[in-house]
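Open the model in your viewer and keep the sequence panel beside it. This tour goes stop by stop, with something to select at each one.

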Amino acid sequence: MNFLAQAISQAFKASFNIDIEPAQINLEQTKKEFEGHQTLVVFPFVRQTKKSPEQTAQVLGEYLKSNYQEIESFNVIKGFLNIVYSDSFWLNIFNNEIAKDGFAKPVSNGQKVMVEYSSPNTNKPLHLGHIRNNLLGYSVAELLKASGYDVVKANLVNDRGIHICKSMLAWQKFGDGETPESSGLKGDHLVGKYYVIFDKAYKKEIDVLKAEGKSEEEAKKEAPLIKEAQAMLVKWEQGDGEVIQLWKTMNSWVYAGFDETYKKLGVNFDKFYYESDTYLLGKDIVEEGLAKGVFFKKEDNSVWIDLTEDGLDEKLVRRGDGTSVYITQDLGTAQLKYDEFGIEKSIYVVGNEQDYHFKVLFLILKKLGKSWADGLYHLSYGMVDLPSGKMKSREGTVVDADDLIEEMKITAKEKTEALGKVDHFDEEEKEKLYHMIGMGALKYFLLKVEPKKRLLFDPKESIDFQGNTGPFIQYTHARIRSVISKGFYNADQAHASAPEKLQETELELIQILSRYPAVLSSAARDFNPGAIANYTYELAKAYNKFYQSESILKIEEDILKDFRLKLSYHTAETIKNAMALLGIEVPERM
């Protein structure tokens, strides 16, 4: 599609004797209300042509139509030159680009990027917020891979700290030796159960102390349970054998549970970092910052950085007693990632409540002169709400990831059976299909929205075989595969024969297919899976329009039948590849 920029460059030279490089020529898709396929905005060039925008566009259009058979016609609306390509141009694009093996396939750009996502706490199971994080991180990693990057998927697990000790202490006091095996609970659910038990018992102690005349703040600090949890954390930091053993045991339960959830979600990781290994990192960076004069010490020996000139505030990077704060650890982990992988880009997929933290982190690393700091990016995303209200995490009313995945599967089963779409499936095939549709609905609904936007997730609305949903696209894919199968189409034996004249729906399909590489490239650049989701919906809609209006299997002309089957095949392939970038599987039949 670079052909037009080259042709317009020639037109400027021939018609106005001016040199305009193809790279200077920005082409847009013609707006739907006008006739045309691509549009040139001529306003930026009128100073050089010394003619009005309308005259400039008219002269260029006449030259292009006279000299290039690919151009069928043109029209000028004010300073906009709308170009209409010929059918032969589109057929050439279809046969020599879209239908070739290398279409939209990644070509290595030699750059390495890390995408860090999930980052769970080991004191509770994954919830709906984690689902958005995991799906977004996985999809962005797949988009970057498809754009030629060497991608490392990383997970920084928050496996230490007071919140972990709360679950451990509650299990010691109230657990009576309960295990995932003895309880029949997934390990992460079992540990989460004791986090909730701790919180309830802690609140009771606070109420007792308040009744004795203590303020809320005093009661929170003096409750026996919190003091015991803090003492346990000190023992953990000192390497107490018994505490470390309990910590390892309970974390192993959690990891087994997480693995199960990750598998159901269809996400994976290349590298795990654990805060228990990284929390002491960053102390060297503090010394480096002091030596460079980037950090300063206060009288109590604490170390700070002054970011007031950058519109932020003073930030503590090490306490007076020499212990780290959260940002110290993040500075050290950022350096560790670069040292281990030599990455050009590092993307942190973290909710928007951490926007300020990442502004500070990245600014500190730049001020320290880290050459790789410009490649750091915080992919911030909004909260997920359910129709019943915002999620909570501590009162045991959290929207649990496993429960939601199961609910999606059950809803998919009810809707699919009601429509009679699985009458010829055996039980194993049905179960696989219900999971595929349920997860397709969930992933598509969460990913079609721009990451920064807060969204309301309605499980029932997401599983619909009509409209902008995952199941609609999955059903369209199954429909196309059925057509291909009934037509005995073999991609390996297909040839480039084509009709002389394209129908409107055929033309629309080819145009949408031709845009796929550009959509993929821009979605990766913007870290926005929503662009792929909405593109795939547009493609599925266009195929259904084509399917309704044109005969495919019953047509008698072999050339036309072969062409329409070939067009169907490459539409199905593009849908399958695009949905895979969202982590969504598509069924071969339904």
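Predicted model: local features only at pLDDT ≥ 70, side-chain atom pairs only at ≥ 80, totals over all residues.

**Stop 1**

Select Gln474. Its place is in helix H19, residues 470-486. Is Gln474 buried or exposed? Its relative accessible area is 0%. Buried means under 20%, so Gln474 counts as buried.

**Stop 1: a loop**

Move to Gly420. This residue is found in the loop between helix H16 (401-418) and helix H17 (427-447). Its relative accessibility is 35%, so Gly420 counts as partly exposed. Gly420 and Lys554 lie 134 residues apart in sequence. In space, the distance from C-alpha to C-alpha is 25 Å.

**Stop 2: the whole protein**

Zoom out. The C-alpha trace spans about 90 × 65 × 40 Å along its principal axes. Colour by secondary structure: there are 23 helices and 15 strands. The protein has 590 residues, and 52% of them count as buried. Look at the contacts with a separation of 6 or more: 73% of them join residues 24 or more positions apart.

**Stop 3: the open sheet**

Select strands E7, E6, E5, E11 and E12. In that order, these 5 strands form an open sheet with parallel pairing. Which strands stand at the edges? They are E7 (271-274) and E12 (376-381). Each has a single partner strand, so one side of each is left without a neighbour in the sheet. On average, neighbouring strands of the sheet are turned by 25 degrees against each other, direction ignored.

Zoom in on E5 (residues 112-116) and E6 (residues 150-157). These two strands run parallel and are joined by 5 bridges. Pick out Val113: it stands opposite Val151 in E6.

H14 touches E5, E6, E7 and E11. The direction of H14 makes about 150 degrees with that of E7. Helix H15 (residues 355-367) also packs on the sheet, touching E11 and E12. The direction of H15 makes about 175 degrees with that of E12.

**Stop 4: the cavity**

How many cavities of 30 Å³ or more does the structure hold? It holds 1. The largest cavity has a volume of about 60 Å³. Select its lining: Ala334, Lys337, Tyr338, Ile343, Glu344, Lys345, Ser346, Tyr348, Trp372, Gly375 and Leu376. Helix H14 (326-341) and strand E11 (345-351) are the elements that give two or more residues to this lining. By type, the lining residues divide into 6 nonpolar, 2 polar and 3 charged.

**Stop 5: helix H4**

Finish with helix H4, residues 87-98. Select its buried residues: Asp87, Phe89, Trp90, Leu91, Ile93, Phe94, Asn95 and Ile98. What covers them? The cover includes helix H1 (3-16), strand E4 (80-85), helix H20 (504-514) and helix H23 (558-581). Show those elements around H4 to complete the tour.

Conventions. Residues numbered from 1 in each chain as written. Heavy atoms only, no water. Buried < 20%, exposed > 50% of the residue type's maximum accessible area, 1.4 Å probe, protein only. Helix = DSSP H or I, 4+ residues; strand = E, 2+ residues; numbered from the N terminus. Contact = heavy atoms within 4.5 Å. 1 Å grid on protein atoms, 1.4 Å probe; cavity = no way out; pocket = protein on both sides within 12 Å on 5 of 7 lines; lining within 4 Å. Points joined across faces, edges and corners; volume = space filled by probe spheres on them. Nonpolar A, V, L, I, M, F, W, Y, C, P; charged D, E, K, R; others polar. Pairing = 2+ DSSP bridges. Axes fitted to C-alpha atoms, helices over the stretch in contact; angles between N-to-C directions.
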